[in-house]
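Hi,

Here is the model I said I would pass on.

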Amino acid sequence: MALYGGIEAGGTKFVCAVASEPGEIREEIRFPTAAPAEALAQAVAFFRSHAEREPLLAVGVSCFGPVDPNPASPTFGYVTTTPKPHWAHTDVVGQLRAALQVPVGFDTDVNGAALGEHRWGAARGLDTFVYLTIGTGLGGGGMVNGRLLHGLMHAEMGHMRIPHDRSRDPYPGWCTYHGDCWEGLACGPAIEERWQQKGVSLGPEHPAWELEAHYLALGVTNIILTLSPQRIILGGGVMEQQQLFPLVRREVRQLLNGYVQKAEVSDAIDTYLVPPQLGNRAGVLGSIALAMDAAL
Ligand code: ADP
Ligand code: ZN
């Protein structure tokens with residue numbers, strides 16, 4: 001059976017896996033994201049040790065960013081301007097290709113997760129949908145008319161501007177570029193700085209979640225109105241707080257105020273705004289899917 005390698009290259013950890021055509025993981029490792037030379041060497045060693053037994057047809061990478069995902073660009077497959085120490089202008093694809101001698105697929109972390117959910121999870125059969133992660137940052141990717149969303153660079157939905165009522169929430173925001181953009185107000189570190197507590201230790205009844213749901217609903221509503229997705233998947237560590245889902249669904253409907261007259265939103269919002277079906281495997285399985293596409 002054909003085997004593929006996948007790397008979910010996150011800002012804090014790498015997940016590497018070998019999987020077969022139906023997305024069945026054979027072997028997986030995780031390690032903290034060291035500087036590029038070390039992190040990529042660890043990934044290469046893992047794939048080489050597997051390839052000694054069974055060859056890999058291709059490798060896929062879903063990568064933290066910003067990245068260059070344009071195959072026609074001279075810096076395709078690079079992490080570009082990231083503030084993460086040592087990682088700016090790193091040729092991820094070139095180094096992996098040289099070391100492993102196989103085709104290497106590459107996209108943003110969120111487009112990768114979206115592709116995983118499209119092939120094996122909550123977005124099967126859809127052609128326009130969005131995958132959001134609310135974690136250390138807040139980012140979105142997805143598919144439009146059956147193709148992963150690219151364009152000028154890649155979507156940066158997390159940095160959209162949303163209303164911020166400073167009398168309700170005086171917290172100035174976390175984003176180093178914009179302060180109170182969507183990510184600045186709603187990512188995991190923003191919650192922790194605003195409430196001076198780990199998100200995971202705030203009880204489910206804490207007012208933090210009502211405010212978080214408010215911000216998530218504002219951004220999600222803008223995305224519904226901009227891209228007209230057939231479904232939105234909300235993943236990432238913050239969404240482990242399951243009580244957010246009903247709060248976000250309710251407020252999105254209030255904000256839309258009956259304007260989007262589709263049953264998905266008006267009658268079936270529980271299946272419209274959903275968690276990832278692949279759970280925390282969406283990213284690494286998406287990377288496997290990128291590898292499959294690179295091998296074609
Ligand atoms: P990453 O963004 O590195 O991929 P995560 O998606 O797990 O990782 O996001 C980590 C962020 O999510 C942290 O800011 C953390 O506080 C927050 N987080 C993780 N788990 C939970 C949880 N169960 N409840 C609330 N916040 C969480
Ligand atoms: Zn921002």
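Predicted model: local features only at pLDDT ≥ 70, side-chain atom pairs only at ≥ 80, totals over all residues.

At what angle do helix H1 and helix H2 pack, and how far apart are their axes? The angle is about 35° and the axes are 10 Å apart, for H1 at residues 36-51 and H2 at residues 92-100. Axes here are lines fitted to C-alpha atoms over the stretch in contact, with angles running from 0 to 180 degrees between N-to-C directions; helices are DSSP runs of H or I, at least four residues, numbered from the N terminus. H1 contributes Leu-40, Val-44, Phe-47 and Arg-48 to the contact, and H2 contributes Val-92, Gln-95, Leu-96, Ala-99 and Leu-100 (contact means heavy atoms within 4.5 Å).

Residues are numbered from 1 along each chain as its sequence is written, chains are lettered from A and ligands numbered from 1 in the order written, and side-chain values use heavy atoms, without hydrogens and water.

Now ligand 1. There are 14 residues around ligand 1 (a heavy atom within 4 Å), and Thr-12, Thr-136, Glu-192, Gly-237 and Gln-241 come nearest. Helix H5 (residues 188-195) gives the largest share of that shell, three residues. The side chain of Glu-192 has an N or O atom 2.2 Å from an oxygen of the ligand, and for Thr-136 that distance to a ligand oxygen is 2.9 Å (polar contacts are pairs of N or O atoms within 3.5 Å).

Cheers

Notes. Polar contact = N/O pair within 3.5 Å; in protein donor to acceptor, adjacent residues only side chain to side chain. Helix = DSSP H or I, 4+ residues; strand = E, 2+ residues; numbered from the N terminus.
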